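Please look over the sequence and the coordinates shown here before reading on.

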Amino acid sequence: MNTIDQLDAKLIQLLGQDARQNSNSLAKQLNTSSATIRRRVKKLQESGILHVIGVVDPSEVGLSVNAIIAFKVAHDNMKTILDTLASWREITWIATTTGRFDILARGRFTSTNELSKFLTEQVGSIKGVTSSETFICMDVKKGREIPPPPTL
């Protein structure tokens, strides 16, 4: 397991706010040299701790419906169900969970009609899904988005 110190943590926080900042700007904010910043960023990237990616506002690219879908599944089908859900472009995050549901997934859709079609046609065709419950997110106060899939 990789560990980070306080300087790395502050550097990651600043890059999380704006990853376009150059090493000189970051160095001034962190009261260190730009060479130190470049070395730290490289080390964080090589260790797999830091990934610099483009992030979009999904609603600005037509994906205005944000839904959490909770699944109860037959446990002997868990891996197949996870793989199937993860392969669909609409699903942006997925995890197995403890508690009332076995799997939680987050999806992005252009409309409630698209969401309905997805639930009926795609989710409805998965063997081993015993039930699902869908929650449409109304106002997300905090959360990062991943890059959109190649075909919107």
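This is a predicted model: local features need pLDDT of at least 70, side-chain atom pairs count only at pLDDT 80 or more; totals for chains, interfaces and linings use all residues.

Which residue in β3 is the bridge partner of Thr-96? In β3, that partner is Ile-103. Residues are numbered from 1 along each chain as its sequence is written, and side-chain values use heavy atoms, with hydrogens and water left out.

Strand β2, residues 91–96, and strand β3, residues 103–109, pair in the antiparallel sense over five bridges, where two strands are said to pair if DSSP finds at least two bridges between them. Another bridge links Trp-93 with Arg-106 in β3. The two strands β2 and β3 form a hairpin with six residues between them, and in the turn Gly-99 has a positive phi of about 100°.

Strand β3 also pairs with strand β1, residues 65–73, again in the antiparallel sense, over seven bridges. Within this pairing Ile-69 stands opposite Ala-105 in β3. Six of the seven residues of β3 are buried, so this strand is largely enclosed by the rest of the structure; here buried means under 20% relative accessible area, exposed means over 50%, and partly exposed lies in between, with a 1.4 Å probe and protein chains only.

The chain has a radius of gyration of 20 Å, whereas a compact globule of 152 residues would have one near 15 Å; the radius is taken over C-alpha atoms, and the globule rule is 2.2 Å times the number of residues to the power 0.38. Along its principal axes the C-alpha trace spans about 55 × 35 × 25 Å. Of the 152 residues, 32% count as buried. Among contacts (heavy atoms within 4.5 Å) between residues at least 6 apart in sequence, 68% join residues at least 24 apart.

The accessible surface of the chain comes to about 9900 Å², and 51% of this belongs to carbon and sulfur atoms; such areas come from the Shrake-Rupley method with a 1.4 Å probe, and for residues only the protein chains shown count as cover. There are 19 positive and 15 negative side chains, and the centres of the two sets lie 8 Å apart.

Asn-31 lies in the loop between α2 (23–30) and α3 (34–46), and its phi is near 55°, a positive value in a residue other than glycine. Most residues other than glycine have a negative phi. Asn-31 is exposed, with a relative accessible area of 73%.

Two residues can be compared in the loop between α5 and β4. Gly-128 is found in this loop, which runs between α5 (112–122) and β4 (129–136), and Gly-128 is buried, with a relative accessible area of 18%. Leaving aside its neighbours within four places in sequence, Gly-128 is in contact with Lys-72, Val-73, Ala-74, Asn-77 and Ile-81. By contrast, Gly-128 and Lys-28, which are 100 residues apart in sequence, are 55 Å apart in space, C-alpha to C-alpha. Ser-125 lies in the loop between α5 and β4 as well, but Ser-125 is exposed, with a relative accessible area of 54%. The C-alpha atoms of Ser-125 and Phe-135, 10 residues apart along the chain, are separated by 20 Å.

The segment after β4 holds Asp-139, which at 54% relative accessibility counts as exposed. Although Asp-139 and Asn-66 are 73 residues apart along the chain, their C-alpha atoms are separated by 9.4 Å. Lys-142 is also found in the segment after β4 and is exposed, with a relative accessible area of 79%. The C-alpha atoms of Lys-142 and Gly-54, 88 residues apart along the chain, are separated by 17 Å.

Notes:
Lys and Arg count as positive and Asp and Glu as negative; His and the chain ends are not counted. The place of a charge is taken as NZ of Lys, CZ of Arg, CG of Asp or CD of Glu. Helices (H or I, at least four residues) and strands (E, at least two) are DSSP runs, numbered from the N terminus.
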